[in-house]
Amino acid sequence: MTEQHLATATAPRIRPLVHAVHAPGRPQPRRPVRHPHPTGVTGVVRRPRAACAPAPSSTDRRDLAARFAHRLVEVLTGVRPVGQLQRHTTLLGYQQLTALVRTGPLRPRGRAPRMRLGRVYDSAPAPDALEVCVRVEFGPRHHMVAFRLEQHHRTAQWQCTAVEAH
């Protein structure tokens with residue numbers, strides 16, 4: 001390049017890393033504008049997630065109780081590993097569950113007859129809680145398993161908070 005061309009070339013503009021806050025002659029930085037959810041004609045705030053998820057009915061809760069009871073009994077009898085229920089239990093519930101697996105009140109001794117789940121009894125002491133009891137039969141032997149499910153206040157996921165087996 002020639003000397004004349006180098007003299008007329010503009011140097012790249014270097015921007016400072018830190019800007020003075022509200023410096024005179026400098027535009028103010030843009031911030032995102034947060035608008036509240038639009039309200040309907042009646043003035044009720046929209047809740048799109050609530051509209052997608054139907055309110056749990058008593059049959060939904062019975063199905064949930066029966067499915068969890070079946071999985072829980074499979075863990076307590078050694079058919080299913082205990083880690084599979086870890087994300088569906090609270091810390092205290094998981095500690096109780098692992099203690100029951102270690103002591104093994106529902107572990108079959110010797111050649112075990114086939115396990116059969118009896119009727120699942122459930123009650124809802126609160127809208128976000130279920131207390132469940134199920135009878136487990138091993139041939140002539142019978143056991144009872146009781147557990148409590150509570151709905152997490154942020155995620156609305158049902159979690160086991162307490163387990164007992166006799």
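## Order of helices and strands

Along the sequence, the protein follows the pattern α-α-α-α-β-β-β-β, which comes to 4 helices and 4 strands. Helices here are DSSP runs of H or I with at least four residues, strands are runs of E with at least two, and both are numbered from the N terminus. This is a predicted model, in which local features need pLDDT of at least 70 and side-chain atom pairs count only at pLDDT 80 or more, while totals for chains, interfaces and linings use all residues. Residues are numbered from 1 along each chain as its sequence is written, and side-chain values use heavy atoms, with hydrogens and water left out.

Of the 166 residues in the protein, 24% are buried. Buried means under 20% relative accessible area, exposed means over 50%, and partly exposed is in between (1.4 Å probe, protein chains only). As for contacts (heavy atoms within 4.5 Å), take those between residues at least 6 apart in sequence: 44% of them join residues at least 24 apart.

Just after helix 3, Gly-78 takes a positive phi of about 90°.

The buried residues of helix 3 are Arg-61, Leu-64, Ala-65, Phe-68, Ala-69, Leu-72, Val-73, Glu-74, Val-75, Leu-76 and Thr-77. An α-helix has 3.6 residues a turn, so residues three or four places apart point the same way.

Ala-66 and Val-134 are 68 residues apart in sequence, yet 8.7 Å apart in space, C-alpha to C-alpha. In the loop between helix 3 and helix 4 you will find Val-79, which counts as exposed at 61% relative accessibility. From Val-79 to Arg-107 the separation is 28 residues in sequence and 9.6 Å in space, C-alpha to C-alpha.

## Strands 1 and 2

Strand 1 and strand 2 form a hairpin with 2 residues between them. They pair in the antiparallel sense over 8 bridges, where pairing requires that DSSP finds at least two bridges between two strands.

Leu-117 sits in strand 1 and is partly exposed, with a relative accessible area of 24%. Leaving aside residues up to four places away in sequence, Leu-117 touches Ala-69, His-70, Val-73, Val-134, Arg-135 and Val-136. Leu-117 and Glu-137 are 20 residues apart in sequence and 6.3 Å apart in space, C-alpha to C-alpha.

## Strands 3 and 4

Strand 3 and strand 4 pair in the antiparallel sense too, over 7 bridges. Ala-146 has Glu-164 in strand 4 as its bridge partner. Strand 4 is largely enclosed by the rest of the structure, because 6 of its 8 residues are buried.

The hairpin of strand 3 and strand 4 has 6 residues between the strands. In that loop lies Ala-156, with a positive phi near 65° in a residue other than glycine. Ala-156 is partly exposed, with a relative accessible area of 44%.

## The second largest pocket

About 160 Å³ of space lies in the second largest pocket. On a 1 Å grid over the protein atoms alone, a pocket is an open set of points with protein on both sides within 12 Å along at least five of seven lines, for a 1.4 Å probe, and lining residues have an atom within 4 Å of a point. Grid points are joined across faces, edges and corners, and the volume is the space filled by probe spheres set on the points.

The lining consists of Leu-64, Arg-67, Phe-68, Arg-71, Leu-85, His-88, Leu-149, Gln-157 and Trp-158. Helix 3 gives the largest share, 4 residues. By type, the lining divides into 5 nonpolar, 2 polar and 2 charged residues. Here Ala, Val, Leu, Ile, Met, Phe, Trp, Tyr, Cys and Pro count as nonpolar, Asp, Glu, Lys and Arg as charged, and the others, Gly among them, as polar.
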